Amino acid sequence: MLSVKQIIQSLGSEVIQTFGDIECAYVTNINPIELVDINTLDWISNARKNKQEAAEASTAKVILCEPIVVFSKNIISQSKILIHVQNPKLALALIANKYFLSKPSPGIHSSTVIHLSAKISNSVYIGTNCSIGKCVIGENTCIFPNVTIHDNVTIGKNVIIQAGAVIGTDGLGCERNVDGSLVKFPHLGGVVIENDVEIGANCSIAKGAMSNTIIGEGCKINGLSFIAHNCILGKNVWITGSTMLSGSVTIDDNVTIYSKVIVREGLRIRKNSIIGMGSVVTKDIPAGETWFGNPAKKLIK
Amino acid sequence: MLSVKQIIQSLGSEVIQTFGDIECAYVTNINPIELVDINTLDWISNARKNKQEAAEASTAKVILCEPIVVFSKNIISQSKILIHVQNPKLALALIANKYFLSKPSPGIHSSTVIHLSAKISNSVYIGTNCSIGKCVIGENTCIFPNVTIHDNVTIGKNVIIQAGAVIGTDGLGCERNVDGSLVKFPHLGGVVIENDVEIGANCSIAKGAMSNTIIGEGCKINGLSFIAHNCILGKNVWITGSTMLSGSVTIDDNVTIYSKVIVREGLRIRKNSIIGMGSVVTKDIPAGETWFGNPAKKLIK
Amino acid sequence: MLSVKQIIQSLGSEVIQTFGDIECAYVTNINPIELVDINTLDWISNARKNKQEAAEASTAKVILCEPIVVFSKNIISQSKILIHVQNPKLALALIANKYFLSKPSPGIHSSTVIHLSAKISNSVYIGTNCSIGKCVIGENTCIFPNVTIHDNVTIGKNVIIQAGAVIGTDGLGCERNVDGSLVKFPHLGGVVIENDVEIGANCSIAKGAMSNTIIGEGCKINGLSFIAHNCILGKNVWITGSTMLSGSVTIDDNVTIYSKVIVREGLRIRKNSIIGMGSVVTKDIPAGETWFGNPAKKLIK
């Protein structure tokens with residue numbers, strides 16, 4: 001049971017205004033649209049048409065919505081509560097993450113094998129059948145099953161590594177000999193994953209050739225992505241899945257890279273830029289621009 | 001030893017006509033072209049040129065072929081048997097799957113870790129080093145090594161999950177805060193995999209945000225594909241590999257999606273349509289059409 | 001401690017000329033640019049501008065470089081040694097691989113499950129939580145954690161299989177029945193991986209339908225790549241990551257395929273050709289050409 005007062009307090013400046021009698025009101029669940037009941041914390045998506053009608057028709061008592069939804073007679077007569085917020089989806093996510101998601105309890109499953117010299121915080125969860133090398137893992141980090149963490153990897157606090165991911169594998173940069181044979185360039189560096197990062201299922205993050213590959217604070221990298229050796233990601237980079245960054249790519253803060261993108265070796269993508277899905281990026285991208293296509297070009301709005 | 005009579009009976013209406021003395025005839029193997037012997041069930045591929053010559057030159061006694069191959073004097077003099085079928089490749093596959101492929105015997109390897117509340121049929125095979133959460137797994141389903149099945153996953157009968165696949169991982173939809181930080185949208189749903197589905201090696205299928213991600217009956221999804229949260233696939237969808245469906249994509253029955261395709265969030269691909277390899281799909285696709293390219297466009301035949 | 005004489009001897013004909021007093025000189029490490037010290041074996045990258053300045057400014061005593069860097073008064077006054085080589089990056093890789101990289105010691109971790117009929121050389125390393133079927137594994141091969149090797153796989157000497165890779169999974173070629181249902185074509189073949197191959201993390205290599213999928217000697221295939229059934233790769237093919245070869249693709253010797261490429265079923269890519277990243281290859285590619293784009297076209301230089 002979560003009181004509406006607590007919701008409002010948690011959301012802080014995200015809340016614009018509230019309507020209705022919040023005194024003893026509470027919610028008990030969040031639910032998909034077809035399962036909403038009177039105790040659900042409901043929300044009207046930013047993308048939805050007919051927001052007013054949706055709010056009036058909702059079975060729930062408490063509704064997160066944009067200010068465009070008015071506290072109408074119809075809503076008042078149903079004794080509903082409206083919480084006007086900047087971004088209902090964000091508000092719902094903040095509340096759900098705080099109150100409705102159960103993280104796995106700390107502990108390491110006995111089927112997981114851990115290097116004797118690994119340094120692992122007490123509050124870490126590591127699931128079944130993982131392989132953990134000589135690495136450092138910070139507080140409250142969750143590592144799901146079948147993950148491989150190689151030697152020379154440092155993982156911060158509150159990190160989530162989804163199942164099947166491989167962190168710290170060798171890069172595979174090669175030089176061709178005159179006879180055609182391939183000589184692999186040595187990879188002696190490691191991987192640093194900063195706090196609050198999430199790495200999706202079956203991703204691979206290669207260690208650096210000499211120095212480290214770095215995934216900055218708050219980055220979210222969705223499944224089946226491949227971050228090659230010596231990439232350096234700033235804070236809050238979002239990669240939505242199946243994307244590859246070639247070796248030594250630098251991504252600045254707050255960049256969004258949509259799915260199935262490939263970025264050429266050594267490029268730099270500057271702050272706040274956006275790369276459309278399926279793009280083949282062959283040039284540096286300046287700050288704040290949107291690029292897409294094969295080869296990727298700037299979107300002229 | 002498999003009698004030709006049994007083959008004909010198994011193929012049912014796929015058989016158009018037979019030629020030669022089938023009374024006591026049998027085959028003992030299926031084999032690649034260079035290893036065909038007199039006891040092989042041979043077949044003349046639909047794609048092959050010189051089908052008549054191929055049938056006449058075959059070392060095998062029993063041959064699946066299209067009606068274009070005639071029961072010539074040459075073939076008669078070799079005492080061969082021709083089985084005219086609609087689609088020789090399909091006919092061979094049906095017979096091979098029924099009589100020549102050995103499925104792993106039911107059983108769960110001791111290295112696999114299973115949640116105490118999982119409900120698993122007796123006839124299920126689960127290979128080594130899997131991680132099986134609080135899920136339901138139906139009869140005759142095969143799960144190969146190193147697979148992760150998360151909580152809240154329901155898998156039907158006769159399903160095959162290839163090695164390294166991850167079923168039911170978190171989606172990673174995010175909202176950006178004003179300060180650039182990413183807030184992950186909660187994923188409380190699950191995954192439903194219906195009967196006769198196959199999921200390829202190292203695929204990932206994310207659970208739904210609120211409701212379920214659904215993979216319909218008979219779908220075949222080849223390796224390294226990523227099906228994001230809340231996708232809904234109808235029956236017999238074929239994805240040939242390395243493809244990504246973004247969140248909330250709907251694919252109707254009998255759609256074929258070739259390899260390395262990306263489909264934008266929320267789109268719907270209607271019945272019997274085909275998407276060419278490497279396509280970047282940015283629009284809904286009507287029924288029965290073929291689309292390809294970046295961005296994908298309709299093929300005008 | 002590695003003497004300069006030994007370095008020169010190891011590099012053989014790669015060395016063009018040496019300058020400075022090599023008699024008692026030695027190095028003790030290789031290091032990223034920011035950690036170079038007097039005992040580092042330093043190198044001036046082929047891609048670097050101001051090579052002369054870089055060599056003069058280096059803190060290291062021994063430097064691998066192209067002949068364009070001269071043994072200047074400045075360098076002489078610092079008692080440095082220059083080793084002129086054809087390709088400094090290649091030279092550094094050769095020395096690092098020979099003297100500075102520690103391969104895991106032979107041995108098989110107890111958490112790995114191995115088929116009773118597998119034939120595994122004594123000098124093989126197999127990491128934690130692997131699943132090894134009825135296969136053959138040659139001398140000095142390294143298999144990292146969470147790898148699945150299926151039955152009917154033959155792996156040569158000095159092969160490296162990175163974590164999470166799946167070797168010998170079923171192909172998933174299908175024929176559609178008239179009612180839309182998909183019938184999987186049987187896969188009875190295997191996989192042959194020749195000597196000196198490296199397969200990256202979370203790759204998948206499917207077995208052949210009837211005959212084998214073959215990865216030729218010296219091939220290097222980077223992470224998250226998918227080699228489908230019956231592909232035949234010649235020697236020294238380099239695939240830089242996230243690439244898919246559809247079924248029955250033939251790649252001749254010394255081909256380079258950059259990242260996120262898809263090659264259509266049955267095509268042949270001839271000797272020494274290069275395919276640019278993100279390409280969608282829909283035609284055979286003749287020897288020695290460079291192709292890129294969607295669909296891929298020949299680069300006219």
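Chain A holds 4 helices and 36 strands, where helices (H or I, at least four residues) and strands (E, at least two) are DSSP runs numbered from the N terminus. This is a predicted model, in which local features need pLDDT of at least 70, side-chain atom pairs count only at pLDDT 80 or more, and totals for chains, interfaces and linings use all residues. Residues are numbered from 1 along each chain as written, chains are lettered from A and ligands numbered from 1 in the order written, and side-chain values use heavy atoms, without hydrogens and water.

The C-alpha atoms of chain A fill a box of roughly 85 × 55 × 30 Å along the principal axes. Of the 301 residues in chain A, 58% are buried, meaning under 20% relative accessible area (1.4 Å probe, protein chains only).

I turn now to the interface. Chain C and chain A each give 49 residues to the contact, that is, heavy atoms within 4.5 Å. Together they bury about 3600 Å², 63% of it on carbon and sulfur atoms; buried area is the accessible area (1.4 Å probe) that two parts lose on being put together, summed over both.

How many salt bridges cross the interface of chain C and chain A? The rule, a side-chain nitrogen of Lys or Arg within 4 Å of a carboxyl oxygen of Asp or Glu, finds 2. One of them joins A:Lys184 to C:Glu198, with the closest N and O atoms 3.0 Å apart. On the side of chain C that touches chain A, the elements giving two or more residues are helix H4 (88–100) and strand E24 (220–221) of chain C. H4(C) supplies the largest share, 8 residues.

Key:
Buried means under 20% relative accessible area, exposed over 50%, partly exposed in between (1.4 Å probe, protein chains only).
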